[in-house]
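Please walk me through how the two chains meet, and then through what lies inside the structure. Keep to what can be computed from the atoms.

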Amino acid sequence: MSKTLRIKNLHVCVEGKPILNGVNLTINRGETHALMGPNGSGKSTLGNAIMGHPSYEVTDGTIELVEEDGTVANVLELDASERARAGLFMAFQRPMAIPGVKLADFMRHATSNVRNPERKEGEDLIPMREFRKELQEKMGHLRMDLDFARRYVNDGFSGGEMKRAEILQMAMLRPKFAILDETDSGLDVDAVKLASESIAEISADASHGGAMGVLIITHHDKLLERNTPDFTHVILGGRIVETGGVELAKELHNDGYDRIRAEYPEAAKLNSKMAEEEAVSV
Amino acid sequence: MATDTIPTPADLERPVDDVPHEINKYNFITQTKDIFKAKKGLSREVVAQISEMKSEPAWMRDFRLRSLEIFESKPMPKWGGDIAIDFEDVYYYLKPTEGQSKSWDDVPQEIKDTYDKLGIVEAEQKRLVAGVKAQFESEVVYGSLQEEVAKMGVIFTDTDTAVREHPELLREYFGKIIPPEDNKFAALNSAVWSGGSFIYVPPGVHIEFPLQAYFRINAESMGQFERTLIIVDEGASVHYVEGCTAPMYTTESLHSAVVEVIVKKNGRARYTTIQNWANNIYNLVTKRAVAYQDSLMEWVDGNLGSHLTMKYPAVYMMEPGARGEILSIAFSSTGQHQDAGAKVVHCAPNTSSRIVSKSISKNGGRSSYRGLCKVEKGATGVKSNVVCDALILDPQSRSDTYPYIEVEEQDVQIEHEASVSRIGEEQLFYLMSRGLTEAEASSMIVSGFIEPLVKELPMEYAVEMNRLIELQMEGSVG
């Protein structure tokens with residue numbers, strides 16, 4: 001049972017351009033971390049790199065899972081699928097639509113693989129009855145209509161529906177470490193409340209070997225109100241420049257990044273360049 | 001039993017349930033042994049011999065001979081795929097053979113593997129081994145089916161039998177929708193055709209369950225030039241399904257079928273086929289329907305395998321209110337070119353059509369969509385919607401779209417949407433980030449892509465289709 005996600009000196013390039021320039025971050029299970037930063041600072045890149053997106057090239061540094069007994073697993077050797085089965089999860093900011101694939105079918109597959117990491121292709125999936133019961137229960141918590149599971153994955157989902165579906169997947173997959181990439185954006189107040197509760201619930205659920213470690217990427221503090229971060233990290237120009245507690249998150253939410261930019265001018269300069277390039281490439 | 005055979009076609013398109021038909025059976029075997037002579041190549045002699053062995057009336061023999069002349073006078077198509085067929089190197093009729101039916105040992109390994117996995121090899125072996133008994137079993141099935149539909153006046157038989165038993169219907173419709181002059185391969189089929197399905201549904205009769213044909217090529221029932229004719233009379237309906245579950249293999253290289261469908265006023269016909277050919281086959285098929293007033297013709301067409309497929313199911317809407325719908329899927333892999341598509345021809349006002357065409361290209365496979373939407377002069381108020389989507393799974397593969405739109409009227413509404421997508425790296429990553437392996441993820445994306453077709457299939461075919469696609473995705477085929 002891994003207890004710690006440990007990232008050291010992480011450098012990541014996308015299409016040859018450096019985005020992360022030496023990120024250090026350690027998340028223990030049971031801890032909630034907030035990651036904040038202006039646009040183009042590398043927040044989503046960090047999430048994608050942890051999850052193993054093939055376009056994000058790790059040029060230096062390590063991502064490791066530390067087990068209870070102190071043994072260390074090298075995450076960089078694993079593809080995205082293996083990372084998921086090792087207990088990593090990311091709720092995407094803009095999850096991909098997979099037309100023609102029903103959410104329930106996809107999730108039954110995913111759940112079977114993640115809960116039984118050794119599962120070989122062609123082996124039985126979780127029994128339908130058992131899966132359906134659990135899915136319905138979780139959907140009930142998220143106030144999701146049961147018909148929703150028969151819709152095609154993210155196809156024609158509203159922003160709020162997508163985010164709920166991401167939370168639903170997290171609830172079903174019971175990850176050890178979850179990255180939530182702006183899961184709060186596009187959600188109304190009620191939905192944020194539900195999402196927050198779910199995160200707290202999953203996080204505190206000890207039935208699957210202890211609490212979850214959470215990295216919440218956000219611009220706002222809506223999600224953080226109920227999921228009080230133990231640590232808040234500010235990322236600027238592809239580096240974590242400052243780490244504090246919940247008060248740091250509040251400060252950034254209220255006052256923005258002016259103080260941070262002033263204190264770290266080089267990172268700020270780099271960040272605006274990155275943000276500009278990002279805007280152009282979009 | 002015959003074996004190393006040829007291509008008479010009988011069963012290519014023959015209902016599975018038809019295999020055991022006693023009379024056919026005896027005729028077939030007797031003729032195989034006594035009359036057929038093996039000979040490659042195409043000539044008047046060969047064509048006349050086919051007609052003679054089938055005890056055909058003079059009009060059919062003359063039709064064949066005339067078709068042969070047309071075939072010889074027509075150039076090869078200059079578009080589509082590269083066709084490299086030596087017509088002199090093809091068997092067009094049965095030759096006598098000794099011994100047993102072809103065994104699975106003669107089947108190309110990749111096809112055998114497919115059907116092995118599908119459980120068909122076993123089923124097939126049982127049938128061959130069980131011989132008479134199996135035939136008896138099948139005959140019961142066929143008999144009951146025939147009895148049930150026969151009560152309603154429906155005719156469902158193989159086309160050879162139809163020529164003998166329903167000459168009036170045949171003479172009226174055969175070769176009228178797709179005359180031999182239509183194209184070189186229609187002419188070829190018209191000259192040497194054998195087997196196929198013949199269906200007639202009388203006015204007002206609705207057949208609730210699909211009529212199913214099961215294609216297989218084996219010793220005594222092998223075919224490459226089947227000929228299917230379906231007539232749906234006024235206010236009647238039928239769903240005809242050709243199965244993909246049979247081992248369609250052949251040592252020959254050419255499959256050239258002709259399918260004609262007539263849907264009269266207020267009638268409905270749906271023709272569903274899923275075909276999985278060996279990778280050395282040229283699959284050059286002409287399929288066309290005519291739809292009369294307020295009728296509906298639907299083609300659901302799936303193509304896997306073959307070296308080259310050129311197939312464009314067509315609906316000609318002849319009278320006001322006629323509708324045509326075509327849903328097609330092509331899957332091409334290494335060494336394969338699927339040149340598939342659809343044609344809708346609006347010959348009357350207030351007719352409407354919809355084409356959904358999907359292709360998947362993988363491991364260097366090539367898919368082309370070639371479609372025609374034509375609105376004739378006077379056909380006002382026409383609506384047509386064409387959607388073609390191509391999915392390309394790797395950089396070695398290729399997809400092209402050749403839409404032809406010919407409109408001779410003002411008051412029409414034509415929509416054409418085409419999209420080509422690479423299997424999204426983002427989609428793959430998304431699914432993999434949830435613990436699916438890369439293979440599972442691609443397979444799921446592809447299944448989703450073809451879902452619009454699969455959901456139109458009867459359950460058992462939908463299951464087969466999904467399994468075939470999974471096998472293709474595993475790379476265990478071809």
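Between chain B and chain A there are two salt bridges, a salt bridge being a side-chain nitrogen of Lys or Arg within 4 Å of a carboxyl oxygen of Asp or Glu. Arg119(A) pairs in this way with Glu440(B), with 3.3 Å between the closest N and O atoms. Helix 10 (425-432) and helix 11 (438-454) of chain B each give at least two residues to the side of chain B that touches chain A; helices here are DSSP runs of H or I with at least four residues, strands are runs of E with at least two, and both are numbered from the N terminus.

This is a predicted model, in which local features need pLDDT of at least 70 and side-chain atom pairs count only at pLDDT 80 or more, while totals for chains, interfaces and linings use all residues. Residues are numbered from 1 along each chain as its sequence is written, chains are lettered from A and ligands numbered from 1 in the order in which they are written, and side-chain values use heavy atoms, with hydrogens and water left out.

The contact (heavy atoms within 4.5 Å) draws 20 residues from chain B and 38 residues from chain A. On the chain B side, these residues comprise nine nonpolar, five polar and six charged. Here Ala, Val, Leu, Ile, Met, Phe, Trp, Tyr, Cys and Pro count as nonpolar, Asp, Glu, Lys and Arg as charged, and the others, Gly among them, as polar.

The size of an interface is often given as the accessible area lost when the parts come together. Chain B and chain A bury about 2,200 Å² between them, 63% of it on carbon and sulfur atoms; buried area is the accessible area (1.4 Å probe) that two parts lose on being put together, summed over both. Phe429(B), Tyr430(B) and Arg434(B) supply 35% of the area that chain B buries against chain A, more than any other three residues.

Over all chains, the count is 32 salt bridges. One of them joins the side chains of Glu64(A) and Arg6(A), at 3.0 Å from N to O. This pair links distant parts of the chain, 58 residues apart: Glu64(A) is in strand 4 (residues 56-67) of chain A, and Arg6(A) is in strand 1 (residues 2-14) of chain A.
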